[in-house]
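Me: I have a model open here and want to go through it. Can you take my questions as they come?

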Amino acid sequence: MAFIKPMTLVTGVLLTSATAFAQQIKVADVTKTISFLASDEMRGRQVYSPEIDKAADFIAAEFKKAGLLPFGGSSYLQSFVMVSATQQTINAQADGKEIDSKTVVVLTSKPELSLSAANMQVATIQAGDNLFSKAFEYAGSGKSLLVKVDESFSDRFSRLVFLKRNFFKTDADIVFVLGNIDTKNLLIKATHTIKENKLANVVGVLPGKKLKDDYVIFSGHYDHIGTGKPENGDSIYNGANDDASGITAIIELAKHFKAQKNNERTLIFAAFTAEEVGGFGSQYFSKQLSPEKVIAMFNIEMIGTDSKWGKNSAYITGYEKTNMGDILQKNLKGSAFTFHPDPYPDQQLFYRSDNATLARLGVPAHTISTSKMDSEPNYHKASDEVKTLDLVNMTEIIKSIGISAQTIISGKDTPSRVDTKELR
C-alpha cells in the first residue's frame, strides 16, 4: 500500500492544536531521548541492575525538567520491595501422615513458616480454569489462602514455583495443594531463604484545574530484558521499541501539556518497572490510586515501527471494551491518522500490558501500539535498536495521541468504564 507522508497530519487535524504539537514535539528531541534509553550504556535496562537505576534517574530528571511534580511525596521514584524466596525445607502432614512435598507449593515472605490450614481461607483452581492466571490472582490478593488445585493440573503444578521468583513483600501466606487431599487437618512447616529487592516506578504529576480530582494517566514501561545470548556478536537487548519508545512518548507529552497550561484534569505520567517479569510496577502503582478517580489510561507500548496499516496509524487494545477509542478517533477527524481496534485478538494483548491492572478495576485503560505482533522481526532480540525504528512516524504518533486526548484532558469527554464482568 502507498504510505501517506507523516507531515500531512499537521495540516489536516485541529490546526491550532496540531501546530502547537508540531512546534513542541520534535523528531530531534524524540531521537535524543530514545537514543539514551536504548543505548548500549543502558545494557537492556534489566530489573535489579545498576543500569535500570540509571534509566530511572534519567526519567526523573526529565520529569523535573518538564515541570512535573512528584507523585505522593518528595521523590519522582515510587519505590517498593519485591521478594524472592528459595525453599530450603518443607514438611506437610494431613491427619498426622506426611504427604508428598511435590504436591505443595508455599508462597511466603517469612524465613520460617508453621501454619495450620484450619486457620486459612480456602480457594480453588478448578478443572478448566487458567491455572497460572488464577494463581497470579491469588498471589496478588494480599490474603492468606489455602488454594486447592484440581488434579487435572498435575503435569503443570510444579511450575507454580516460579511465583517464588518475584512477589510483593506481604504478611500473607499462600499454600497451593494439588489433588483431593483432606486439608482440614493439614499442617505445613517450611523454611526459605528470603531475598528482598528494591524496585521503583517513576511518576510525575501535572495538577489539574477545575477537575483536579479526575486523573488521566499516560504510561509505559522502562524495563527490558537486559543482556543475553549473542546475536551476530551483540549480547545487549536494547529494547528501543520495547519500550523506550513508550517512555519517550510520555516524556514528550509531559513537556507539551505542561507548556499548554490548559489541562482541567490532573495528568499523571508513569514509567513502570518490572513489566517484563510480571507487570509488578503497574500493579503497585494501581494500588496507590482510587480507581473511580481515574478517567482514562493511555498506556503506550512499542510505537517505533509502522503498523500493519502503514504510517499514520496505530491500534488500541480492548477497543471494544469502552468508547475511548471512538473519542480519540473523533478528535482526529479530518486528519491522515487512524486508530484501529487490536488486529491480534488471539494474542490477548489487552491483558498482557500495564493497562490490565486498572482495566480489571473498571478503568478505561488501553494500550496504544503499532507493533506487528505476527511479524515483528526485532521483538525481544538484540536487534531492537534505535536504527531499526521510524522516528519521524513515531513523532507523528506521539502528536496524534496528544491531540486525540485533548477532550478527555479538558473534561469535555469522559470515556465509558470497562465492564469487569466481561473480562476473563
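Reply: What follows covers a sheet, a helix and a pocket in this predicted model.

Me: What is the strand order in the open sheet of 4 strands?

Reply: The order is β4-β9-β7-β6, and the pairing is mixed. β4 (104-107) and β6 (121-125) are the edge strands, each pairing on one side only. From one strand to the next, the twist averages 20°.

Me: In which sense do β4 and β9 pair?

Reply: Antiparallel, over 4 bridges, with β9 covering residues 174-178.

Me: And what stands opposite Leu107?

Reply: Ile174, in β9.

Me: Which strands does α5 lie across?

Reply: Helix α5, residues 131-139, lies across β4, β6, β7 (145-149) and β9. The helix runs at about 160° to β6.

Me: Changing topic. How much space lies in the largest pocket?

Reply: About 1,500 Å³. Its lining is made up of 45 residues.

Me: Which of them lie nearest the centre?

Reply: Gly278, Gln283, Tyr351, Arg352 and Ala356.

Me: Which element gives the most to the lining?

Reply: That is α5, with 5 residues. So the helix that lies across the sheet strands also lines the largest pocket, since lining residues have an atom within 4 Å of a pocket point.

Me: Which elements supply at least two residues each?

Reply: Along with α5, they are β8 (167-168), α7 (280-286), α9 (356-359) and β18 (365-369).

Me: How does the lining split by class?

Reply: The lining has 17 nonpolar, 18 polar and 10 charged residues.

Conventions:
Residues are numbered from 1 along each chain as its sequence is written. This is a predicted model: local features need pLDDT of at least 70, side-chain atom pairs count only at pLDDT 80 or more; totals for chains, interfaces and linings use all residues. Side-chain values use heavy atoms; hydrogens and water are left out. Two strands pair if DSSP finds at least two bridges between them. Axes are lines fitted to C-alpha atoms, for helices over the stretch in contact, and angles run from 0 to 180 degrees between N-to-C directions. Contact means heavy atoms within 4.5 Å. On a 1 Å grid over the protein atoms alone, a cavity is a set of points where a 1.4 Å probe fits but cannot get out, and a pocket is an open set with protein on both sides within 12 Å along at least five of seven lines; lining residues have an atom within 4 Å of a point. Grid points are joined across faces, edges and corners, and a volume is the space filled by probe spheres set on the points. Ala, Val, Leu, Ile, Met, Phe, Trp, Tyr, Cys and Pro count as nonpolar, Asp, Glu, Lys and Arg as charged, and the others, Gly among them, as polar.
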